[in-house]
Amino acid sequence: MIPGALWIITMAVIQSSGVPSLATDAQVQGGMDGAILGKHLSVVNCSDIKLSTLLRSYYSGTMEELDHVSDTHLRGRYRRHNFKKITNSFLLQEKVADALHSHPQQGDIGVESLIKKGIEEFVLRYMECPAIIPRCIWGAAPPRAPLTPLSPPLPYLYIHHTEIPSKPCLNLQMCSKKMRAMQHFHQKGRGWYDLGYSFAVGSDGYIYEGRGWMWVGAHTRGRNPVGYGVAFIGNYSTHLPSHYDMELVRHHLVKCGVSNGFLQENFTILGHRQVVATSCPGDSLYSEITTWEHYKYDTNPLRTSAVTDMT
């Protein structure tokens, strides 16, 4: 791992353990990128690579464009996945300990326990949890009224598709535009306080924050206080989201929710149609989630109309 990247990650580990540092999320992600790209450059012929082209390719390009690129893994949107491939908690602990011991001012009593705690938090936050685009980045309008707080951990996760917009979004700009359009429709068209979903999943490799982990949503009528609503952007009646996007929810988002105390360990996954009279989340996506761990077939569903609570 290159020294600059390691030192940024070391500062993030210290911060994760509860000790303040100056490492921001942007710097940490830059450190992870440095480690990933440094590893890549160490095993290829650098004379054949133009650095500006590599960086442009790494940080740009839509998912549609990547369909025609053989080296699709080397992209910023796969940062967390790629970082996990080149390191693990044991290696990180060893490298961070070496970095701290080479800077005596950081190596006070209890440094080993500090490192261990920091590594655990770092791995959860930057490697296990998915990257979630916050409201401020996609340009959310403020809620029209104060939202009701949730009382986590919650027992349910409800899967939706947006249907409209019907087409997947393939980059940050396109997904942000669709998030703003959905919020506008929910607030102005339906009179709700805010975007109804807890989270939305783009086809660009990211999850987008709606009402998030802490606020009651307006996604599953009659069930909003007891579960989170996660919507895949697009219409999935006849086809599925990408495997990568489904894995973000199926494994990473739920693990993050459980580990942080937002979801109960024995939480249940349900499709929107199981509790509301609707075709959501589409036949193909619903068929897929029936194979997921934590999915439960409701033998006695209490279905209500598809119009969600006005909150």
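# Reading a predicted fold: a dialogue

Modeller: Residues 24 or more positions apart account for 72% of the contacts in the protein with a separation of 6 or more. The model is a predicted one, and that share is a place to start reading.

Biologist: What helices and strands does the protein have, and what percentage of its residues count as buried?

Modeller: Eleven helices and six strands make up the list. Of the 311 residues, 47% count as buried. The protein exposes about 15,200 Å², and carbon and sulfur atoms supply 56% of that area.

Biologist: Which strands pair with β2, and in which sense?

Modeller: Pairing is read from bridges between two strands. β2 pairs with strand β6 (residues 263–271) in the parallel sense over five bridges, and Leu154 stands opposite Leu263 in β6. β2 also pairs in the parallel sense with strand β5 (residues 227–232), over six bridges. There, Ile159 stands opposite Val230.

Biologist: Now the rings. How many aromatic pairs does the count come to?

Modeller: Ring pairs are read from the distance between centres, with 6.5 Å as the limit, and from the angle between planes. The count comes to nine aromatic pairs. One of them is Tyr78 with Tyr244, at 4.7 Å centre to centre and 75 degrees between the planes, which is edge-to-face. This pair links distant parts of the chain: Tyr78 is in the loop between α4 (63–66) and α5 (79–86), Tyr244 is in helix α10 (residues 243–259), and they are 166 residues apart.

Biologist: Which rings form a cluster, and which residue lies over the face of Tyr156?

Modeller: Phe199, Trp213, Tyr228 and Phe262 form one aromatic cluster. Over the face of Tyr156 lies Arg223, at 5.8 Å from the ring centre.

Biologist: Turning to the backbone, which peptide bonds are cis?

Modeller: The angle to read is omega. The bond from Pro152 to Pro153 is cis, with omega near 10 degrees; Pro153 lies in the loop between α8 (135–138) and β2. The bond from Ile164 to Pro165 is also cis, with omega near 5 degrees. Pro165 is in the loop between β2 and α9 (172–189).

Biologist: Which residues other than glycine have a positive phi?

Modeller: Glu163 is one of them, with phi near 60 degrees. Glu163 sits in the loop between β2 and α9, the loop that also holds Pro165. His294 has phi near 85 degrees and is placed in the segment after α11 (283–289).

Biologist: How accessible are Glu163 and His294?

Modeller: Glu163 is partly exposed, with a relative accessible area of 38%. His294 has 28% relative accessibility and also counts as partly exposed.

Conventions: Residues are numbered from 1 along each chain as its sequence is written. This is a predicted model: local features need pLDDT of at least 70, side-chain atom pairs count only at pLDDT 80 or more; totals for chains, interfaces and linings use all residues. Side-chain values use heavy atoms; hydrogens and water are left out. Helices (H or I, at least four residues) and strands (E, at least two) are DSSP runs, numbered from the N terminus. Buried means under 20% relative accessible area, exposed over 50%, partly exposed in between (1.4 Å probe, protein chains only). Contact means heavy atoms within 4.5 Å. Accessible areas come from the Shrake-Rupley method with a 1.4 Å probe; for residues, only the protein chains shown count as cover. Rings of Phe, Tyr and Trp (its six-membered ring) pair if their centres lie within 6.5 Å; planes under 30 degrees apart count as stacked, over 60 as edge-to-face and the rest as tilted. A charge sits over a ring if NZ of Lys or CZ of Arg is within 6 Å of the ring centre and within 35 degrees of the ring normal.
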